[in-house]
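Q: I would like to learn how to read strand pairing in a sheet. Can we work through a case?

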Amino acid sequence: MVKMINSLATKPKSTESSARPIRVAAFFAGAGGLDLGFDQAGFDIVYATDIDAWCVKTLRANSGKCLVSTPKVVGADITKLQKPDLPTGIDFVIGGPPCQSFSASGRRAGGASGTLDQRGTLFEAYCRVLGWLKPKGFLFENVRGILATNGGRDWVQIQDAFKALGYHISFRVLDALDYGAAQQRERLFLIGHLIDEAMLFPEPLFGPDSAEQTPHISAGDALAGIAETEDIESLHLRTGKYAHLLPLVPAGSNYLHFTAKRGYPEPVFAYRSRFSDFLYKANPDTPIKTLIARPGKYTGPFHWDNRRFTVAEYQRLQGFPDAYRFAGSRDDAIRQIGNSVNPKIACVLAKAIAQQMFNLDHGCRLLPLSKTLSFDKRKGDKAQRTRALHAKVRLSGHDVSAAFRFADYESVTLPNGFESDKANTKVTVDQTHVKIQVHSDTSRKLFARMRLEIEGTEPSLFEMEGVPAARIDVSVYGESEFAVQTMWNAVDDWVIRSSNFHSLFELYGHFTEPHPIFRIAEFKTFSELPIAQFAKHCADFGNCSRHLPRDHLTKLFGLSFRKSNFLDLVETLRSYRYDIRCVETNVAMPPGKYMVAYPFALPSRKQMNFSVQRNRPARAFPDQNPRIAA
């Protein structure tokens, strides 16, 4: 069998030509990236549907033009389609259900919801139309994260659904960069087929895995000779908290340039406290990172000329021809481009499918099943370069504490029981020893005392005997349950006043990948209020991000373990800006559990993007799937 498969990697199965065009139906068609690729490979797209009105207009605008096929374009919700709505005589089906439920952004938001989200179950509707159309095969596309959500259970469920329809499946993660795109764009492709024989995927055309060792296409090469279609001046980032930083970012770098680990003298961000595309500036001499559909104000890629890319540049980088037209505003077009499948890889995949499933000779070289591609090694190579860079910074004697300016001051730190113009916080400094005294109300009763230590040069002074680079002793007075919040407000105020960091959050990093440059060395409580014990519990870094039983939280506050009591408590603690997560706030959380994302009260409630959904139905969440365990 292996010998037969390897022979397929060097020649097509047959050179017979098809008697008629291969009829294709496209679902979740979006802007038509998959459709265009299959159209370019000679398939006839006869039907295309999407729920998004702008995508429907885009498909219609390009039908019979850039898209040689003239499909019937339908704006519809796939879950509401009925069999009579669909065409007959379909040979092949293509589609990629929405990926947000399986994406990296979902994981960083607190857990990719996968099939627990309604969007993550749209593959069921895809299976339903497959059952009606009964094509010879189909292509399913999604992000590679779909392999891992909910402990891999989602992927087992999806595979089982396709197999139940009578299809054999072959799947592989491929990078569009290896097939002519000027961007790194790794996606999972699954081919369903009726023949009980492995379907092979196309051999890369570019990069180290290509037969001719053809270099990857750089962003500069991809954009060569492009016409200006927008007001370039309006695309420059002129205003905003971080706008002044973009010109300082070296081409190919991002916000990490402004971190202590990269040797920036006055750091602005903690290491890995942002997505990698935050302030990311493209390098004209290399491919770019993945284009996304909804970039924020500071989300790249930015052009190396310190501006946003034009829509025309976006579509070049995504592999669409210049003549392709996108309906709607600039934001609508960018969303469609960012959500689309890269047409270049779609075309090569279509040729590989036509060659094996429909006996068309495209001369497409196929990958043996045993062939491992090298794009995953890029991550390892990058990590090695990163470690070398960090080692160089350590050898330079870079001291994180040098990023802080130590000075005495008084300030108002709300909430408190004082007049709004009366200082309730006093900061005194002895070299790098900072003392912060803060009052949450008029009481002089000591509520809690905390010591923070800021690391210095590497190796971390946390691991050595002696005094850390900087020490902050915080004492909070008062009898109010707001005392803890007031204490963290005072610390956050000190960070902002004494450094270029915009909040304490910047010193800690994102909870999924924390790289704190401080630790809470000591936390003592003198109040009997439950919130004091809760704050002490959170102050232990080891307790952050742990999934704990819900009754652990209610017992801390002396409550009975009832859903209403628990959720009331969650909402109260979130109002104090503690990032409490449970299944009612983040659907990927296991029922019966909760977690605290950060050891401190967040500087702003805006950093908690989820509200409590009290009516969310209970769901099964087994600890382990026996199929996976086996």
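Q: In strand 14, which residue is the bridge partner of Val 434?
A: The model is a predicted one. The partner of Val 434 is Ile 472 in strand 14. That bridge belongs to the pairing of strand 12 with strand 14 (residues 470–477), which runs in the parallel sense over seven bridges.

Q: In what sense do strand 11 and strand 12 pair?
A: Strand 11 (residues 425–430) and strand 12 (residues 433–439) are antiparallel, with six bridges. Among the residues involved, Lys 426 has Gln 437 in strand 12 as its bridge partner. The two strands make a hairpin with two residues between them, and Gln 431 in that turn has a positive phi of about 55°.

Q: How do strand 13 and strand 14 pair?
A: Strand 13 (residues 446–454) pairs with strand 14 in the antiparallel sense over eight bridges. Ala 448 is opposite Val 476 of strand 14.

Q: In what order do the six strands form the open sheet?
A: The order is 10-11-12-14-13-15, with mixed pairing. Strand 10 (409–411) and strand 15 (518–525) are at the edges; each has a single partner strand, so one side of each lacks a neighbour in the sheet. On average, neighbouring strands are turned by 15° against each other, direction ignored.

Q: Where do the side chains of a regular strand point?
A: They alternate between the two faces of the sheet.

Q: Which strands does helix 12 lie across?
A: Helix 12 (residues 483–498) lies across strands 10, 11, 12, 13, 14 and 15, at about 30° to strand 13. Helix 14 (residues 530–538) lies across strand 13 and strand 15, at about 155° to strand 15.

Methods: Residues are numbered from 1 along each chain as its sequence is written. This is a predicted model: local features need pLDDT of at least 70, side-chain atom pairs count only at pLDDT 80 or more; totals for chains, interfaces and linings use all residues. Side-chain values use heavy atoms; hydrogens and water are left out. Two strands pair if DSSP finds at least two bridges between them. Helices (H or I, at least four residues) and strands (E, at least two) are DSSP runs, numbered from the N terminus. Axes are lines fitted to C-alpha atoms, for helices over the stretch in contact, and angles run from 0 to 180 degrees between N-to-C directions. Contact means heavy atoms within 4.5 Å.
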